[in-house]
Amino acid sequence: MSVRFKLEGIYTPVITPFHSDGEIDFDALADLVERLVGAGVHGLISGGSTGENYAETIEERLTIARFIVDRVKGRIPVVIGTGAMRTPDSIALATGAREMGADAILLGTPPYSVPTERENALNALAIDRAADLPIILYNYPGRMSVEMGREFLDRVGRSRNVIGIKESSGDINRVHLLARDYPHIQMSCGMDDQALEFFAWGARSWICGGSNFLPEEHIALYETCAVKGDFAKGRRIMSAMLPLMAVLEQGGKFIQCIKHGVEVTGVRAGPMRPPLKGLSKEEKRELEQVIRTLKTTVKAIIEGN
């Protein structure tokens with residue numbers, strides 16, 4: 001059976017730049033899209049949690065997604081996030097993704113409701129029917145309180161549209177499970193500090209928020225490990241990136257750090273929508289130092305120094 005969508009490379013879950021009044025800054029979003037495409041990322045994701053989807057209306061999410069699809073003009077794939085508490089909202093996002101010509105959708109567990117595996121699978125299949133697009137599942141029990149376990153995977157895995165899974169549980173045993181028992185579902189790294197382990201177990205892609213502001217460095221790790229199979233150099237690159245991963249994954253201010261990182265590159269990101277607040281001056285200085293050190297170290301590794 002041929003794969004409908006090959007999930008390979010660095011996929012950036014794009015932030016949503018806002019003006020100071022909270023309105024969407026489409027000029028800044030256009031600049032960011034061009035920056036990422038020019039840097040060589042392999043795909044973009046609109047409407048993920050990194051894009052603050054929880055603080056946006058369904059209409060805003062569709063407008064943002066349509067803007068990104070239109071701006072990219074088919075140069076790289078665009079995936080649309082369908083995560084929502086209500087199934088009708090997810091279906092509206094999935095239907096919109098199909099109508100705007102998106103390449104795939106990202107499909108997670110509805111938060112807060114804590115569905116059984118059967119309920120979760122039936123919800124996913126309803127969204128699948130609405131989109132009829134390639135689907136990247138999104139397993140993030142830390143946020144959703146529910147694991148996409150064997151019963152779920154066995155049910156939804158029968159659909160030809162289910163081509164991949166972003167695995168964000170942080171449990172390395174899940175990586176083993178997916179690699180061994182579900183090889184027909186392409187595994188994508190969704191836990192940044194485990195990227196090296198994902199690539200060692202055969203993952204060919206990484207969905208990473210940090211690539212919003214460090215696309216070249218994330219691409220370097222992917223190409224070193226997944227493309228060239230040079231895990232000795234890959235360990236050196238990953239070691240240089242781990243201080244950033246610690247800030248992002250363990251610092252408790254993931255989106256704030258991503259947006260400030262984008263600002264450091266010269267692209268406007270603007271504030272977060274409530275309830276989130278920005279970084280303090282000290283937190284900004286610390287992040288900027290981590291970024292400078294990372295860029296210098298990874299550059300030296302790539303150049304063979």
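Start by selecting helix α9, residues 215–227. Its buried residues are P215, E217, H218, I219, A220, L221, Y222, T224, C225 and A226, where buried means under 20% relative accessible area, exposed over 50% and partly exposed in between (1.4 Å probe, protein chains only). Helices (H or I, at least four residues) and strands (E, at least two) are DSSP runs, numbered from the N terminus. Because 10 of its 13 residues are buried, α9 is largely enclosed by the rest of the structure.

Before moving on, a word about what is on your screen. This is a predicted model, in which local features need pLDDT of at least 70 and side-chain atom pairs count only at pLDDT 80 or more, while totals for chains, interfaces and linings use all residues. Residues are numbered from 1 along each chain as its sequence is written, and side-chain values use heavy atoms, with hydrogens and water left out.

**Around α9**

Now show what surrounds the helix. The buried residues of α9 pack against β1, α1, α8 (195–200), β8, α10 (231–250) and α12 (281–302); contact here means heavy atoms within 4.5 Å. Step just past the end of α9 and you will find G229, with a positive phi of about 70°.

Next, pick E217 and K295. Their side chains meet in a salt bridge, at 3.4 Å from N to O; the term covers a side-chain nitrogen of Lys or Arg within 4 Å of a carboxyl oxygen of Asp or Glu. E217 lies in helix α9 and K295 in helix α12, so the pair ties together parts that are 78 residues apart in sequence. E217 is buried, with a relative accessible area of 8%, whereas K295 counts as partly exposed at 35%.

**The core**

Select F199 next. Leaving aside neighbours within four places in sequence, F199 is in contact with R204, S205, W206, L221, Y222, C225, A226 and F231. F199 also belongs to the largest nonpolar core, which has 83 residues; L44, I68, I105, L137, F199, W206 and L221 touch the most other members. A nonpolar core is a set of buried Ala, Val, Leu, Ile, Met, Phe, Trp, Tyr and Cys residues joined through side-chain atoms within 4.5 Å.

**The barrel**

Switch to a cartoon view and color the strands. Eight of them close into a barrel in the order β1-β2-β3-β4-β5-β6-β7-β8, with parallel pairing; two strands pair if DSSP finds at least two bridges between them. From one strand to the next, the twist averages 25°. Angles run from 0 to 180 degrees between N-to-C directions, and axes are lines fitted to C-alpha atoms, for helices over the stretch in contact.

Zoom in on β7 (residues 186–189) and β8 (residues 205–207), which run parallel and are joined by two bridges. Here C189 stands opposite W206 in β8. Then bring in helix α2 (residues 58–72), which lies across β2 (43–46) and β3 (78–81) and runs at about 175° to β3.

**T16 and its surroundings**

Go to T16, in the loop between β1 (9–13) and α1 (26–39). T16 counts as buried, at 3% relative accessibility. The T16 side chain makes a polar contact with the side chain of E56 (3.1 Å). A polar contact is a pair of N or O atoms within 3.5 Å; within protein, one must be able to donate a hydrogen and the other to accept it, and residues adjacent in sequence count only if both atoms are side-chain atoms. A polar atom of the T16 side chain also lies 2.8 Å from the backbone oxygen of G51.

The structure holds 18 salt bridges. For another, select E8 and R204, whose closest N and O atoms are 3.5 Å apart. E8 sits in the segment before β1 and R204 in the loop between α8 and β8, 196 residues apart. E8 is partly exposed at 27% relative accessibility, and R204 is partly exposed at 31%. Finish with R4, D132 and R160, which are linked in a network of salt bridges.
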